[in-house]
Amino acid sequence: MAERILCEGNEAVGWGALSAGCQCFFGYPITPQNEIIEFLAREMPKRGAIFVQSQCETATINMLFGAAACGVRAMTSTSSPGWGLMQEGMSNLAAARLPCVVVLVQRVGPGVQRLTHSQQDYNSATKGGGGGGYKTIVLAPASVQETHDLMQLAFYLADLYRNPVVVLSDGLMGHVTEPLEVKTLDFGPLPEKDWAVAGQGQHADGKHVALGASYNPLKGETFVSYLVDMRDTYQQIEAAEVRYEEYRTDDADLVLVAYGYCARVSEEAADAARAEGLKAGVLRPITLWPFPGQVLRDLADRGCRFLVVEDSMGQMVDDVRIAVNGKAEISLADATFRHLSSEDGMIMPSRVLDEIRRLL
Amino acid sequence: MSEETKGLVRERITGRPEIFHREWFADYLWDLFCPGCQTPVVARAIAEVLVELGIGDKAIMVGCVGCSGILIGGFDLDRVSPAHGRGPDVATAIKRIHPDTIVFTVQGDGDCIAIGSSSLVGALTRSEKITIIMVNNTNFGTTGGQLGPTTLVGQVTTTSPQGRSPGVEGYPAHAAEMAATFKGVAYSARGSLHTPASYQRTKGYIRTAFQRQMDNVGTGFVEVITACPTNWHLTPVQSLSYIEEHVIPEFPLGEFRNVTSIE
């Protein structure tokens with residue numbers, strides 16, 4: 001029988017990593033994700049897995065490069081300032097086609113700011129924040145259970161497409177405490193990692209393996225053929241891996257679009273609006289890239305209007321605008337909707353409900 | 001390069017250790033390295049040591065960005081090209097995952113102690129069981145001869161056109177001596193390649209550094225002084241005298257730490 005425990009989002013990241021059979025964790029302390037590295041510092045060695053605390057986030061992302069080059073399941077976690085330091089490494093991991101998982105527990109930005117939650121890293125997570133031309137799959141959990149489950153999906157998708165996957169949490173999702181059923185999820189078979197380094201003597205064909213963050217002319221690749229291969233992979237991901245959840249959208253006049261904690265807030269606001277006879281629903285992207293644009297277009301064609309609820313000054317709203325392409329009115333409830341003007345504020349259902357009333 | 005010249009190069013490197021990727025050197029050596037460059041000589045010394053120690057089939061090379069990074073194509077080994085300066089981080093992960101392999105980095109001085117200084121210090125601090133070979137040609141060669149942390153006082157580079165001035169650019173960084181101060185370092189030495197005898201001594205340093213990894217003692221670090229005739233604006237032969245007269249007085253050769261166990 002699966003174990004059922006009470007834990008917070010950051011620990012659920014750790015449980016998810018263990019459930020996925022993660023063999024390597026590299027980390028550096030930064031608030032608000034310290035519970036992840038502390039949990040894994042405790043739990044990984046017990047299971048014969050590798051835990052290394054590095055000297056900085058630049059090091060962790062490059063240790064991850066080394067581990068991913070060995071073909072083992074490996075991950076790191078960080079918060080927004082560390083995420084900034086990791087961007088060169090993220091670009092290299094994507095360029096070298098190395099599967100790995102990076103957990104980003106967002107905090108307020110830009111710059112160092114304070115230590116609490118935010119959703120201001122949407123753009124750098126979904127658009128490839130390092131040296132340009134790459135994409136990473138981005139999964140956005142909205143509960144403790146989903147954090148645990150998406151961690152496992154993240155490792156699976158990384159291995160399936162040989163691409164880094166980002167799990168985008170935030171300081172609030174990281175600390176919300178809920179019941180968690182710890183269980184290993186089976187997503188299906190995966191290709192063999194015959195490209196991994198192990199020492200030449202370990203390869204059946206006796207030939208060496210070379211990995212780097214660029215195309216390989218010795219394998220007959222050209223720069224353009226390499227770009228085309230990456231684009232083809234990205235198109236496969238876009239075709240197969242879009243995930244989202246619809247909540248009371250069937251007859252909705254206004255669809256709230258939100259991810260992470262803002263989706264939870266939006267569902268509560270939609271329920272309150274329904275109680276007043278206002279037809280509100282919620283579309284929650286689970287994959288932020290690939291973005292669920294088609295379902296938004298379908299809703300727009302049906303005559304829905306949209307209210308994007310995100311705890312930034314408006315980032316995901318751009319993807320909603322691109323998807324809807326002028327076919328519907330789009331409003332934004334942003335960080336100015338926080339109930340406090342300090343970093344401790346959060347977007348509350350009551351403020352979102354006010355906006356729903358104003359729009360309907 | 002003409003087919004005739006390629007054939008000549010192939011012939012000349014026949015008999016070199018098998019890890020030395022003969023076809024690659026024949027095809028690319030003269031296209032990728034300047035005349036008189038000693039970076040490929042470092043590769044030869046490493047390849048000979050790997051063969052002599054019998055660890056070629058379990059060695060994993062981590063490259064770098066810069067002239068030494070070009071070398072990565074010249075080894076018939078499993079190998080990984082990391083971001084600029086991050087070789088020790090990448091090597092750390094590989095060695096932890098595959099403790100029975102022999103993991104080494106080959107890095108230029110800019111890669112190792114300019115942009116990569118924190119990666120180097122991190123690996124030395126953790127006493128990673130890896131071997132770090134730092135190729136010191138006293139400048140950033142690939143990018144056209146700019147000031148590096150190892151540039152000599154008074155040395156003219158494209159970004160120190162009046163010569164390195166201590167009041168502005170400080171003094172040359174001594175990586176081998178610094179590495180020797182770390183308790184987790186089993187071996188640290190500096191050698192050169194400017195005479196046949198110095199080549200043999202440097203090869204011995206590299207061998208000892210690898211031996212310490214095989215014995216799981218601690219980090220091995222070897223700094224190798226190499227000639228950079230193009231950016232020194234000297235002929236290859238003049239460069240060898242320059243090493244003797246100017247580089248070695250600043251960067252003394254020898255072993256700075258050599259222990260067979262760490263308490």
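**Entry 1: the model**

I am working from a predicted model, so I kept that in mind throughout.

**Entry 2: size of the interface**

I began with how much surface goes into the contact. I found that chain A and chain B bury about 2300 Å² between them, with 60% of it on carbon and sulfur atoms. On the chain A side, I noted Gln55(A), Gln200(A) and His208(A), which lose the most area to chain B and together make up 20% of what that side buries. Counting residues, I got 36 from chain A and 30 from chain B.

**Entry 3: what holds hands across it**

How many salt bridges are there between chain A and chain B? I came away with a count of 0. Polar contacts were another matter: I found 15 residue pairs across the interface, with both residues at pLDDT 80 or more.

**Entry 4: which parts of chain A take part**

Next I asked which elements give two or more residues to the side of chain A that touches chain B. My list for chain A reads strand 2 (24-27), strand 3 (50-53), helix 3 (57-69), helix 5 (87-95) and strand 9 (210-212). Helix 3 of chain A gives the most, with 8 residues. I then sorted the residues of this side by type and wrote down 21 nonpolar, 13 polar and 2 charged.

**Entry 5: strands paired between the chains**

**Entry 6: cis peptide bonds**

I turned to the backbone of chain A and noted two prolines. Thr31(A) and Pro32(A) are joined by a cis peptide bond, with omega about 10°. I placed Pro32(A) in the loop between strand 2 and helix 2 (34-46) of chain A. Another cis peptide bond joins Gly109(A) and Pro110(A), where omega is about 0°. Pro110(A) sits in the loop between strand 5 (100-106) and helix 6 (122-126) of chain A.

**Entry 7: positive phi without glycine**

I also looked at Arg162(A), a residue other than glycine with a positive phi near 50°. I located Arg162(A) in the loop between helix 7 (144-161) and strand 7 (164-170) of chain A. Is Arg162(A) partly exposed or buried? Its relative accessibility is 24%, so I logged Arg162(A) as partly exposed.

Asn325(A) is not a glycine either, and its phi is positive at about 55°. I found Asn325(A) in the loop between helix 11 (316-324) and strand 15 (330-333) of chain A.

How values were computed: Residues are numbered from 1 along each chain as its sequence is written. Chains are lettered from A and ligands numbered from 1 in the order in which they are written. This is a predicted model: local features need pLDDT of at least 70, side-chain atom pairs count only at pLDDT 80 or more; totals for chains, interfaces and linings use all residues. Side-chain values use heavy atoms; hydrogens and water are left out. Contact means heavy atoms within 4.5 Å. Buried area is the accessible area (1.4 Å probe) that two parts lose on being put together, summed over both. A salt bridge is a side-chain nitrogen of Lys or Arg within 4 Å of a carboxyl oxygen of Asp or Glu. A polar contact is a pair of N or O atoms within 3.5 Å; within protein, one must be able to donate a hydrogen and the other to accept it, and residues adjacent in sequence count only if both atoms are side-chain atoms. Helices (H or I, at least four residues) and strands (E, at least two) are DSSP runs, numbered from the N terminus. Ala, Val, Leu, Ile, Met, Phe, Trp, Tyr, Cys and Pro count as nonpolar, Asp, Glu, Lys and Arg as charged, and the others, Gly among them, as polar. Buried means under 20% relative accessible area, exposed over 50%, partly exposed in between (1.4 Å probe, protein chains only).
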